[in-house]
Amino acid sequence: MPNNNYKYHMTVRWPATCRNRSYEILKERPDLVEQMNHFRQKVDRVCKLILRKGYRVDSNHDLQGVNIWLESGQDVYDFIIRQPEFEWEIVPELSTVNRLTGELRKWEIVYTPSGITIA
Amino acid sequence: MNPENCVVIGPAVLQYDKDALLAFADVILAGNAHKTNEVPYATVSSETRLQDMLNSPVFRNTTILAPDSLYRKYVFFEQIDCLPSLPAVKNTGKKTDELSEQSLALMLAQWMDKKHIYLFGYDIENLDERAVLLSIMGSNNFAHIYYVRKPNPSKIRLFDSYENVSVIDYKQFDKIRNAK
């Protein structure tokens with residue numbers, strides 16, 4: 001589990017060739033594993049570069065993509081808005097940790113011509 | 001500070017030292033009416049008031065709790081969180097986002113399992129608010145609620161039928177505060 005400062009959670013999808021690969025396939029395809037590791041490192045480097053507050057790139061494997069925990073809402077917004085710049089795609093869901101209840105709640109990200117809204 | 005106590009500050013006039021209240025218990029502020037002191041929690045149900053709170057430095061370290069519909073719009077502001085599911089809402093016959101900030105603050109205090117809830121600056125002149133307050137009081141048997149007001153010789157009979165509700169004045173509250 002992340003520390004208490006991380007309020008937001010997002011997932012950046014794997015590159016197209018690595019998506020929806022089972023563990024069995026990944027065992028037989030070290031090239032894909034390497035590509036995924038490189039992708040995770042790229043996400044980490046970009047986060048270091050563009051995020052102003054704390055973040056954590058989850059090292060646990062997830063079939064959907066790279067999981068990121070962030071402290072700042074402004075960072076989350078920038079991260080979503082700047083996706084085309086880094087040629088990646090996030091899963092259109094944002095999870096937030098409620099400081100009062102500790103509950104992790106998932107929200108849908110909806111793209112609109114003027115920006116993004118949460119449904 | 002006794003964790004079993006909670007002070008709810010409503011939007012009406014409050015002539016009591018807020019620092020003393022903050023030292024006495026967890027404080028839940030209803031809206032932005034009394035924004036002179038930093039408080040741990042605030043409830044909000046109006047977008048304009050929420051915007052004012054986000055622009056006020058005094059709320060920088062406050063957990064601002066809003067209904068779902070409002071929270072979705074301001075999800076990228078870290079101070080804001082979503083109100084938990086409040087069981088007392090059902091008894092009011094309204095939805096969470098139709099309730100006033102003071103009602104939400106009182107329900108939040110109940111949700112926190114506080115045993116003694118002190119209402120300061122709580123507006124009971126508005127008849128709708130009064131009806132909601134009575135339904136909240138009727139739905140709760142765990143907490144003792146104190147309606148705290150300025151010393152006033154005229155009695156309030158409104159809460160007489162509720163065993164878990166008392167009307168006290170600032171002097172009586174001083175005695176409670178000094179005893180604890």
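In which loop of chain A does E87(A) lie? In this predicted model, E87(A) sits in the loop between helix 4 (83-86) and strand 4 of chain A. Its phi is positive, near 55°, although the residue is not glycine. Most residues other than glycine have a negative phi. E87(A) is also exposed, because 8 other C-beta atoms lie within 10 Å, and 12 or fewer count as exposed. N20(A) gives a second case. Its phi is near 55°, again positive in a residue other than glycine. N20(A) is placed in the loop between strand 1 and helix 1 (23-28) of chain A. N20(A) is exposed, with 8 other C-beta atoms within 10 Å.

Chain A contains 4 helices and 6 strands. From the N terminus, the order of its elements is β-α-α-β-β-α-α-β-β-β. The radius of gyration of chain A is 15 Å, close to the 14 Å given by the globule rule for 119 residues, so chain A is as compact as a globular protein of that length. The C-alpha trace of chain A spans about 45 × 35 × 25 Å along its principal axes. Buried residues account for 18% of the 119 residues of chain A. Of the contacts in chain A with a separation of 6 or more, 48% are between residues 24 or more positions apart.

The strands of chain A form an open sheet. The sheet has 6 strands in the order 2-3-1-4-5-6, with antiparallel pairing. Strand 2 (55-57) and strand 6 (115-118) of chain A stand at the edges. Each has a single partner strand, so one side of each is left without a neighbour in the sheet. From one strand to the next, the twist averages 30°. Strand 4 and strand 5 of chain A run antiparallel and are joined by 5 bridges. In strand 5 of chain A, R105(A) is the bridge partner of T96(A). Helix 3 of chain A lies across strand 1 (8-13), strand 2, strand 3 (65-70), strand 4, strand 5 and strand 6 of chain A. The helix runs at about 20° to strand 1 of chain A.

Helix 3 of chain A also takes part in the contact between the chains. That contact takes 15 residues from chain A and 10 residues from chain B. On the side of chain A that touches chain B, helix 3 (73-81), strand 4 (93-97) and strand 5 (104-112) of chain A each supply at least two residues. Helix 3 of chain A gives the largest share of that side, 4 residues. By residue type, the side of chain A that touches chain B divides into 6 nonpolar, 6 polar and 3 charged.

Chain B comprises 7 helices and 8 strands. Along its principal axes, the C-alpha trace of chain B spans about 45 × 35 × 25 Å. Of the 180 residues in chain B, 43% are buried. Among contacts in chain B between residues at least 6 apart in sequence, those joining residues at least 24 apart make up 48%.

In soluble globular proteins, nonpolar side chains tend to be buried together. The largest nonpolar core here has 65 residues. V7(B), V8(B), I28(B), A66(B), I117(B), L119(B) and F120(B) touch the most other members. Helix 5 (residues 101-111) of chain B gives the most to this core, with 6 residues. V8(B) illustrates the packing. Beyond its neighbours within four places in sequence, V8(B) is in contact with I28(B), A30(B), A105(B), L106(B), A109(B), I117(B), L119(B), F120(B) and Y122(B).

Helix 5 of chain B is mostly covered, with 10 of its 11 residues buried. The buried residues of this helix include E101(B), Q102(B), S103(B) and Q110(B). Also buried in helix 5 of chain B are L104(B), A105(B), L106(B), M107(B), L108(B) and A109(B). D113(B) follows helix 5 of chain B and has a positive phi, near 65°.

D19(B) belongs to helix 1 (residues 18-24) of chain B. D19(B) is exposed, with 10 other C-beta atoms within 10 Å. D19(B) and I145(B) are 126 residues apart in sequence. Their C-alpha atoms are 21 Å apart in space.

Technical notes: Residues are numbered from 1 along each chain as its sequence is written. Chains are lettered from A and ligands numbered from 1 in the order in which they are written. This is a predicted model: local features need pLDDT of at least 70, side-chain atom pairs count only at pLDDT 80 or more; totals for chains, interfaces and linings use all residues. A nonpolar core is a set of buried Ala, Val, Leu, Ile, Met, Phe, Trp, Tyr and Cys residues joined through C-beta atoms within 7 Å. A residue is buried if 20 or more other C-beta atoms lie within 10 Å of its own, exposed if 12 or fewer, and partly exposed in between; C-beta atoms are placed from the backbone. Two residues are in contact if their C-beta atoms, placed from the backbone, lie within 7 Å. Ala, Val, Leu, Ile, Met, Phe, Trp, Tyr, Cys and Pro count as nonpolar, Asp, Glu, Lys and Arg as charged, and the others, Gly among them, as polar. Two strands pair if DSSP finds at least two bridges between them. Axes are lines fitted to C-alpha atoms, for helices over the stretch in contact, and angles run from 0 to 180 degrees between N-to-C directions. The radius of gyration is taken over C-alpha atoms; the globule rule is 2.2 Å times the number of residues to the power 0.38.
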